[in-house]
Amino acid sequence: MADDFGEEVRELLRQITPQRSNELNILTEGVTFRKDENEDGIGFYASSNLKLVRVTMRCQARLWAHCYAYYCMFTEYAVRQSGADSGLSSDQLQVAGDFLEWAVESDIQIRLQGGSGIPVVMKDAPKDAPLPFENINANVVQVGSETIFLNALAFIIHHELAHIQLGHVGVESDLSIQQEYDADATAAEWILGVDVADEFDYLVRHLGVAIALLWFTSLAFREKFVIDSHPPSWKRLLAALEPTVKGEEDAVWGFVVLALTLHFHRYGLSLDTLSEVTHTRATVVEMVETIEQFNAGLGKESE
Ligand SMILES: [Zn+2]
């Protein structure tokens, strides 16, 4: 029987790195991709023994919200930097902000209720929130967000494939944390280690990887991180980008600063050791340290 979903996933991965089509065939040989449409949480998972990757579908609406909201902010910032007037209307920015808030709140609610046995009742997305891949008159922000979303999703799937490729099996904390860094590094290399067509291509690939990890990091403002199997998401974010982002002042760092600033504002965090918030790697490092301290001060996760 034809495995339609497996073919869909392979097609996505090919689309992101067509240069690596042959390698992809080898990488995904014999791997089963299981589509999970019932799980609410961020439940991507790989089993090396079964050569199985589970792809959870519902949570992708929240990943899309992060992509859209951050890219709106980034576009607005870039337009203003170029000296032009505001690029997006305040209504558009409001929708983007509401959409992001909806995504974070939904993820937190699912995690709080996870395992409680109570069915998770989630709020609907804001009514003006855009859907991906449905608007034939999509504007540049929408199309850019979609491209970033596909890169982010490909990064997450590559992370799971890396666990299989590297033969990872369940291990204790320190080893497990190293496995997660290794899977991130392998996945990032797949997407970021190819020759890029142009600056935009370079940017959207990096923003995709960044957003996948910003998505996880957004939960760190609300939920105390308990070290067990995974490294803190904010450290993963920095580690995944550092090998390929070109220099201190790359636009990718600027993007991460803008995205994190949205959350900093919301939770009243500031960067008091920096005299000036620049859109550089140094600011990202400072923000990551601030998140770590803030997270350490949060109340214990309610179980
Ligand atoms: Zn993993």
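## Zinc site

Donors are N, O and S atoms within 2.8 Å of the metal (3.2 Å for Na, K and Ca); water is not among the atoms, so sites may look incomplete. In this predicted model, local features need pLDDT of at least 70 and side-chain atom pairs count only at pLDDT 80 or more, while totals for chains, interfaces and linings use all residues. Residues are numbered from 1 along each chain as its sequence is written, and side-chain values use heavy atoms, with hydrogens and water left out.

The zinc ion is coordinated at 2.0 to 2.1 Å by NE2 of His 159, NE2 of His 163 and OE of Glu 180. Along the chain these donors follow the spacing H-x3-H-x16-E. His 159 belongs to helix α5 and Glu 180 to helix α6 (residues 173-192), so the pair ties together parts that are 21 residues apart in sequence. Helices are DSSP runs of H or I with at least four residues, numbered from the N terminus. Both His 159 and Glu 180 are buried, where buried means under 20% relative accessible area, exposed over 50% and partly exposed in between (1.4 Å probe, protein chains only).

## His 168

His 168 is found in the loop between α5 and α6 and counts as buried, at 12% relative accessibility. The side chain of His 168 makes a polar contact of 2.8 Å with the side chain of the zinc ligand His 163. A polar contact is a pair of N or O atoms within 3.5 Å; within protein, one must be able to donate a hydrogen and the other to accept it, and residues adjacent in sequence count only if both atoms are side-chain atoms. Leaving aside residues up to four places away in sequence, His 168 touches Ser 48, His 163, Gln 179 and Asp 182, with contact meaning heavy atoms within 4.5 Å.

Helix α5 (residues 140-165) has 26 residues and reaches 36 Å from its first C-alpha to its last, close to the expected 38 Å. The expected span is 1.5 Å times one less than the number of residues. Of the 26 residues in α5, 22 are buried. Asn 139 caps the N-terminal end of α5, with a side-chain oxygen 3.2 Å from the backbone nitrogen of Val 141. Gly 167, with a positive phi near 70°, follows α5.

Helix α7 (residues 199-218) has its end C-alpha atoms 27 Å apart, in agreement with the 28 Å that its 20 residues should span. In α7, 18 of the 20 residues are buried, so the helix is largely enclosed by the rest of the structure. The N-terminal cap of α7 is Asp 198, with a side-chain oxygen 3.1 Å from the backbone nitrogen of Phe 200.

## Aromatic rings

Rings of Phe, Tyr and Trp (its six-membered ring) pair if their centres lie within 6.5 Å; planes under 30 degrees apart count as stacked, over 60 as edge-to-face and the rest as tilted. The count by this rule is 14 aromatic pairs. The rings of Phe 74 and Phe 255 have centres 5.2 Å apart and planes at 80°, so this pair is edge-to-face. Phe 74 lies in helix α3 (residues 60-81) and Phe 255 in helix α9 (residues 251-266), so the pair ties together parts that are 181 residues apart in sequence. Phe 74 is buried at 11% relative accessible area, as is Phe 255 at 1%.

Phe 99 and Trp 102 are stacked, at 5.6 Å centre to centre and 20° between the planes. Trp 64, Tyr 68, Phe 99, Trp 102, Phe 133 and Phe 149 form one aromatic cluster.

Definitions and conventions
Helix = DSSP H or I, 4+ residues; strand = E, 2+ residues; numbered from the N terminus.
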